[in-house]
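Please consult the sequence and the structure shown below while reading.

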Amino acid sequence: MIATQYEGNKTFKVIQTEKQEPAEGEVRIKVAYSGVCGTDVHIYHGMMDKRVDMPQTIGHEMSGTIDAVGAGVSGYEAGDKVVVRPLDDTKAKPSDKGFNHICEELNFIGIDSPGSMQQYWNVPAFTLHKLKENTDLKLAALIEPLSVATHDVRLSGLVAGETAVVLGGGPIGLLVAMVAKEVGAQVIISEVNPVRIAKAKALGFDAVSPLEVDLVDYVHGKTEGRKADVVFEVAGVQPALDVMTEVAGIRGRIVMVAIHGEPKPVNLFKFFWKELKLIGARVYEKEDYEKSIALITANELPFEEMITDVQPLSNIQQVFENIDKNPDGLKVLMDCQL
């Protein structure tokens, strides 16, 4: 079988190796597609070298079919279509208060341990979610990032009739916008990249560049002065942090989706003055995966528009080099059987 390994210094290696028999409690998955996540790109750029034990097979956005079942596994059989919720929370402690998806010693599979960018992948059975037989496995590879979005929207408390402002129109931002729209909210996307603005508009969203319009005035005008009920900060840059408290209305909720690796300035006076709420949102829980699977299965949202390229697994080095050269794209899938 073919597997890929990240070796550091922006270098991937494609290797030939043997399929491993699943251990007790594991299944072996024939991986169909593995999506390239922003975290994978950070790994490629060397930003996570202290965390990733190289050489490492990375990847955690995936879909596939069960190839073999280990001892002690019930409810699954060869041929079942599945996705993996890549969180190994077996070391959770009482201090984690039952929120095992953010436990102190969480093993994020595909980052902290081997991931899905290989033809066959052994994983604990407790990470699996079964799909319907007619599920499109290309779309199913979007379930992991979509679950980030469903988690964000669920924690925000967004309801029909409210206004949501999404700061950042990349893959996660667009998925958040889709889920928010599905809830019944009015959605405004703020994005500086003209290609992504055009994509957001093509998907039917109200999208503007804060470099061309005053975003605060724009949101004010679109909401008759009420401003946003919910702001999703997905951009991860200081200008987004500066504007999030300005576009939020009275008692607005701000959801921190982006990962800020170091402390940043935030206007705390606005939190006091407007009685704002800041909500942290990290990865997802089981119910978010189930919601995402239902959305993919219904196929009523334009998820296929998120997939901008599909490449053979053997082209992994070229794929990451191309992402560096063309950051405008949305979701690249690796075909793990080519």
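A residue is called buried when its relative accessible area is under 20%, exposed when it is over 50%, and partly exposed in between (1.4 Å probe, protein chains only). The model is predicted: local features need pLDDT of at least 70, side-chain atom pairs count only at pLDDT 80 or more, and totals for chains, interfaces and linings use all residues. Residues are numbered from 1 along each chain as its sequence is written, and side-chain values use heavy atoms, with hydrogens and water left out.

**Salt bridges**

A salt bridge is a side-chain nitrogen of Lys or Arg within 4 Å of a carboxyl oxygen of Asp or Glu.

| Salt bridge | Closest N and O atoms |
|---|---|
| Arg28 – Asp67 | 2.7 Å |
| Lys291 – Glu182 | 3.5 Å |
| Arg251 – Glu275 | 2.7 Å |

Helices (H or I, at least four residues) and strands (E, at least two) are DSSP runs, numbered from the N terminus. Arg28 in strand E3 (residues 26–35) and Asp67 in strand E4 (residues 61–69) are 39 residues apart, and their pair links distant parts of the chain. Arg28 counts as buried because its relative accessibility is 8%, whereas Asp67, at 25%, counts as partly exposed.

Lys291 belongs to helix H9 (residues 286–298) and Glu182 to helix H4 (residues 171–183); this pair links distant parts of the chain, 109 residues apart. Lys291 is partly exposed at 35%, and Glu182 is partly exposed at 36%.

Arg251 lies in strand E14 and Glu275 in the loop between H8 and strand E15 (277–280), so their pair ties together parts 24 residues apart in sequence. Arg251 is exposed, with a relative accessible area of 57%, while Glu275, at 45%, is partly exposed.

**Helix H7 and its cover**

In helix H7 (residues 238–247), the buried residues are Ala240, Leu241, Val243, Met244, Thr245 and Val247. Contact means heavy atoms within 4.5 Å. The cover over these buried residues includes strands E10 (163–167), E13 (228–233) and E14 (248–256), together with helices H6 (215–222) and H8 (268–274).

**Thr135**

Thr135 sits in the loop between strand E9 (128–130) and helix H2 (137–140). At 6% relative accessibility, Thr135 counts as buried. A polar atom of the Thr135 side chain lies 2.8 Å from the backbone oxygen of Lys132. Leaving aside neighbours within four places in sequence, Thr135 is in contact with Lys81, Ala140, Ile296 and Thr297.

Conventions
Polar contact = N/O pair within 3.5 Å; in protein donor to acceptor, adjacent residues only side chain to side chain.
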